[in-house]
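Here's a quick briefing for anyone meeting this protein for the first time. Take a look at the sequence and the fold, and then we'll walk through some details.

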Amino acid sequence: MGVLSSFRPRQRLPLRAMLAGALALLAGCALPSPETRSANALAWAAQQGWAARLLPGPVFDIQAFVPAGLKRVDRLTVYIEGDGLAWLDSHTPSFAPTPTDPLALRLAVADAGARAVYLARPCQYTVGPAFKSCHPRYWGSHRFAPELIAAMDQAVDQLKTAYGAHELVLVGYSGGAAVAALLAARRGDVRALVTVAGTLDTARWAQQQRLSPLDGSLNPSAAAARLASLPQWHFVGGQDKVVPASVLTAYLDALAAQNRHGAPAPVVQRMPDFDHRCCWAQAWPDLSRSFE
């Protein structure tokens, strides 16, 4: 979820007006096209020795990146991308939510455990026929819709099978943290939930950012009863204005309300000088050791 993606429209605009606004913005600031953003990510990943792998699904095809040398592992760490480039301005959704800078991919590559793979969100990086079922609502009000979480769940199953894994660690950045938490709430093979600058209470986040509610989306805080017993690590930036620390506090309060005897206390690591993007990737080789 970049700064641009924190906007939500308060009224529906005609499609023609939306497209015209998007074209004007693209012409004015030379924003890379979705195809260019995808090509840049593929090229960077290849330089790191990672390969693209498209995971087909009945509703959404989902893009993954995997290390070329990764073999069978017992525990697989799955990194989940943020919301990406969701909005061009407060009224205009982007053509596709492919990130301009895929921070979760950079975290995955920097993971000190070296048993990591990366999952994009539905409609990120996919083009042509693989862009099926994609509609701007899926990077707007429905970004955490049940059908998207189900598609991500199926993609995780494919990766788990490919590497023969028996258990998972889910790591989510920004909006990807909400996806990771919602996946953990529905699966029985997740051994740890890790979030970075995570949108873990979507209602509180929308309220604090003065956005319209994410109608059609699930809220991780509402799944607290199914998450309270799960070991969790949460990293939060002291300078983060996109997802303030109070959003994590709201989620932790929901967990505490479950009052599970013997449940592990979530580990919260606050990085005073970090914001929503800086300086997670640079510090991740050290930070990722805390949950290995």
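Is Cys-134 buried or exposed? Cys-134 is buried, with a relative accessible area of 18%; buried means under 20% relative accessible area, exposed over 50%, and partly exposed in between, using a 1.4 Å probe and protein chains only. Before going further, note that this is a predicted model, where local features need pLDDT of at least 70, side-chain atom pairs count only at pLDDT 80 or more, and totals for chains, interfaces and linings use all residues. Residues are numbered from 1 along each chain as its sequence is written, and side-chain values use heavy atoms, with hydrogens and water left out.

**Disulfides**

- Searching the whole structure turns up two disulfides, a disulfide being a pair of cysteine sulfur atoms within 2.5 Å.
- One of them joins Cys-123 to Cys-134, with an S to S distance of 2.1 Å.
- Cys-123 and Cys-134 are 11 residues apart, and each is in the loop between strand 4 (116-119) and helix 4. Helices (H or I, at least four residues) and strands (E, at least two) are DSSP runs, numbered from the N terminus.
- The link of Cys-123 and Cys-134 is left-handed, with -105° about the S-S bond.
- Cys-123 is buried, at a relative accessible area of 0%.
- Another disulfide joins Cys-278 to Cys-279, with 1.9 Å from S to S.
- Cys-278 counts as partly exposed, at 31% relative accessibility.
- Count the bonded cysteines along the chain and the pattern reads 1-2, 3-4.

**Salt bridges**

- Side chains of opposite charge can pair when their charged atoms come close.
- There are 14 salt bridges in the structure, each being a side-chain nitrogen of Lys or Arg within 4 Å of a carboxyl oxygen of Asp or Glu.
- Take Arg-277 and Asp-101: they form a salt bridge, and their closest N and O atoms are 3.0 Å apart.
- That pair links distant parts of the chain, 176 residues apart: Arg-277 is in the loop between strand 8 (267-271) and helix 9 (280-287), while Asp-101 is in the loop between strand 3 (75-80) and helix 3 (103-110).
- Arg-277 is partly exposed, with a relative accessible area of 29%, and Asp-101 is also partly exposed, at 28%.
- Asp-189 and Lys-160 have side chains that meet in a salt bridge, at 2.6 Å from N to O.
- Here too the pair links distant parts of the chain, 29 residues apart, with Asp-189 in the loop between helix 5 (175-186) and strand 6 (190-196) and Lys-160 in helix 4 (residues 146-162).
- Asp-189 and Lys-160 are both buried.
- Arg-191 pairs with Glu-167 in a salt bridge whose closest N and O atoms are 3.2 Å apart.
- Arg-191 lies in strand 6 and Glu-167 in strand 5 (residues 167-173), so this pair ties together parts that are 24 residues apart in sequence.
- Arg-191 is partly exposed, with a relative accessible area of 36%, whereas Glu-167 is buried at 16%.
- Salt bridges that share partners also join Asp-153, Asp-157, Lys-160, Arg-186, Arg-187 and Asp-189 into one network.

- Why is helix 3 described as largely enclosed by the rest of the structure? It's because six of the eight residues of helix 3 are buried.
- The buried residues in helix 3 are Leu-103, Ala-104, Leu-105, Leu-107, Ala-108 and Ala-110.
- Thr-100 has its place in the loop between strand 3 and helix 3, and at 54% relative accessibility Thr-100 counts as exposed.
- Leaving aside residues up to four places away in sequence, Thr-100 touches Leu-31, Arg-37 and Leu-85, where contact means heavy atoms within 4.5 Å.
- Thr-100 and Tyr-118 are 18 residues apart along the chain, and their C-alpha atoms are separated by 16 Å.

**Where helix 4 meets helix 5**

- Helix 4 and helix 5 pack at an angle of about 75°, and their axes are 10 Å apart. Axes are lines fitted to C-alpha atoms, for helices over the stretch in contact, and angles run from 0 to 180 degrees between N-to-C directions.
- That makes helix 4 roughly perpendicular to helix 5; angles under 35 degrees count as roughly parallel, over 145 as roughly antiparallel, 65 to 115 as roughly perpendicular and the rest as oblique.
- On the helix 4 side, Ile-149, Ala-150, Met-152, Asp-153 and Val-156 meet Val-179, Leu-182, Leu-183 and Arg-186 in helix 5.
- The residues of this contact divide into seven nonpolar, no polar and two charged. Ala, Val, Leu, Ile, Met, Phe, Trp, Tyr, Cys and Pro count as nonpolar, Asp, Glu, Lys and Arg as charged, and the others, Gly among them, as polar.
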